[in-house]
Amino acid sequence: MKITQQDVAYVASLANLHLTDAERLRMEKDLNAILAYVDQLAEVDTSNVAPMAQVSQIGTPSDSADPLRTDEPRECLPHEAAMANVPQTDGTFFRVPKVIER
Amino acid sequence: MVADLNLDVLTVGSARAAVQERQTTATALVENLYEKIDAQDRQPGQINAYLNLTRDRALKQAKRMDAIVDRGDPLPPLGGVPIAIKDVMVMQGVRTTAGSKILGNYVPPYDCTAVSRLEQAGAIILGKLNCDEFAMGSSNENSAWGPVRNPRDLSRVPGGSSGGSAASVAAGTAVAALGSDTGGSIRQPGAFCGVVGLMPTYGRVSRYGLIAFASSLDHIGPLTKSAKDAGIILRHMAGRDPMDSTCVDLPVPDYEQEIRKPVRGLRVGVPKEYFPNEMDSEVRSAVESGLKLLTEAGCEIKPISLPHTQYAIPTYYVIATAEASSNLARYDGVRYGYRSPQAKTLSEMYRRSRDEGFGPEVKRRIMLGTYALSAGYYDAYYLKAQKVRTLIAQDFFAAFKEVDGIVTPTTPTPAFKIGEKSDDPLAMYLADIFTVTASLAGIPGISVPCGNSKDGLPIGMQILGRHFEEGTILRLAHAFEHARASATR
């Protein structure tokens, strides 16, 4: 599978990146080199193998399996603290540029 | 009075004892370390391990510890021990950037569990340490705030991504440090800088407050001057945390006790896949000498095979980048972090903020991960990698029926030059070849210094263990340190 400039543009749009022309050229080269290496996975027979999403499925003794805390109300982050890092606010809400373009 | 203390050899135990026994005060110790940091770390061309010093918080904690000693009371277990933190762990009110421009001004509203537990045990947090951007890298050259230099040779990389953590401990500008390890990011810089680096079992230490890179692979662990120090720090940050559901509710052993148990009779596996014919001869001979010392200490060395080893790097770089592309979607310029000032619409704001805020390696990994998860490629890449991950983990489970620990080199070569691999992402990824396997299997691993190249560069030996058996690998590492110290005396 060979990645083209079109693929790079499409994947960048999925990832909410734009990338400069120079970055796109470099990305095409790098992704092709990395994927050529990754392609060796195809030679592994995985026909009867279950996928592993995370290792604690198998690594953890079963008597410690319930990881959830009790669901009870606790103090929330104060509004002021939650807004302390916001790039732009009207004092109450996050402000962003307009959503609908015309 | 502090003049008597050699900061370069200060350990967790000796720092606490020095404060407890009034050879120094915690305040004087902290001030001495800040002087050392100012002298060795902060100027252009120097180490550049520290991004941000937390003087006020450190001195306040030091005063608290001095007051305990003044009252004649015993210090808490880490009382007066100066520790520094990789800049991927949040601290309330302390700028935390993850080495990225996109978090350049981020001041978190809460504390990372691992950090606050160390402080509750009396540790003094000196500051935040440089790292590869979002912990993505093997050389610390991907930091938005400039590379870290290896204290053993300033023209070389300290390893990554916890390069600042390893460098600060190696330089003696911190007694110990916290790092994070996703594919080798504690063990590899530990090896490059000649210090101990411990990646605990997946689920042993809470990741609450760790800025996420790849959630099924991220671990917090210590970098220290000895296996014993690593065990002490692990003990005081490990254990269930209601704020992280992946953190397991298992008893945390007293690792200081564990390491005192004899290693005689322990079976140590040596996987042939980690000693290829073409490997660096100095790394091979240093690790082989290490194995000889373990044999002399009474361990039984057994050749083993981990047949899927060669697939670990491609598996890792599919899974880690897929998870990263998802985790890093949160950086959108809306709630915190960098926002491009130029954007006129919302979608343009997202793109420009991310384009301008992320560095090249982070973009590369977001792109690779997004591609691997995209329609038409999910089965071929992501699902396939998850299946091969199962096989890699099964290799270890099978091996650990025959052996109690596994010994390998930590890295294929000693520290490379700054700039040597920075233009070739694949060559950089291959620097992780011996460390990503344990990350994928979720087993604990430690790197201990086992020798030096003829250029004087440190070489690390990696010891891997069964899930939640950090005690065993710490015991082997500790016994090895002692055998090596006696052999070179």
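Two strands pair if DSSP finds at least two bridges between them. Strands are DSSP runs of E with at least two residues, and helices are DSSP runs of H or I with at least four, numbered from the N terminus. The model is predicted: local features need pLDDT of at least 70 and side-chain atom pairs count only at pLDDT 80 or more, whereas totals for chains, interfaces and linings use all residues. Residues are numbered from 1 along each chain as its sequence is written, and chains are lettered from A and ligands numbered from 1 in the order in which they are written.

**View 1. Pairing of strands β9 and β11 in chain B.** Strand β9 (residues 405–409) and strand β11 (residues 458–465) of chain B run antiparallel and are joined by 5 bridges. B:Pro409 has B:Met461 of β11(B) as its bridge partner.

**View 2. The open sheet of chain B.** The sheet has 11 strands with mixed pairing, in the order β1-β3-β2-β4-β6-β5-β10-β11-β9-β7-β8. Because β1 (50–53) and β8 (300–304) of chain B each have a single partner strand, they stand at the edges, and one side of each is left without a neighbour in the sheet. From one strand to the next, the twist averages 30 degrees.

**View 3. Helix α7 of chain B on the sheet.** Helix α7 (residues 227–237) of chain B touches β4 (176–181), β5 (196–199), β6 (219–224) and β10 (445–452) of chain B. Its direction makes about 140 degrees with that of β6(B), where angles run from 0 to 180 degrees between N-to-C directions and axes are lines fitted to C-alpha atoms, for helices over the stretch in contact. In α7(B), 11 of the 11 residues are buried, so the helix is largely enclosed by the rest of the structure; a residue is buried if 20 or more other C-beta atoms, placed from the backbone, lie within 10 Å of its own. B:Gly239, which follows α7(B), has a positive phi near 105 degrees.

**View 4. Packing of helices α2 and α3 in chain B.** The axes of α2 (residues 26–40) and α3 (residues 55–70) of chain B come within 7 Å and cross at roughly 150 degrees. The two helices are therefore roughly antiparallel (angles over 145 degrees). Residues in contact (C-beta atoms, placed from the backbone, within 7 Å) include B:Val30 and B:Tyr34 of α2(B) and B:Leu59 and B:Met65 of α3(B).

**View 5. The side of chain A that touches chain B.** In this interface, 47 residues of chain A are in contact with 57 residues of chain B. Helix α2(A) gives the most to the chain A side, with 7 residues.

Technical notes: Parallel < 35°, antiparallel > 145°, perpendicular 65-115°, else oblique. Contact = placed C-beta atoms within 7 Å. Buried ≥ 20, exposed ≤ 12 C-beta atoms within 10 Å, placed from the backbone.
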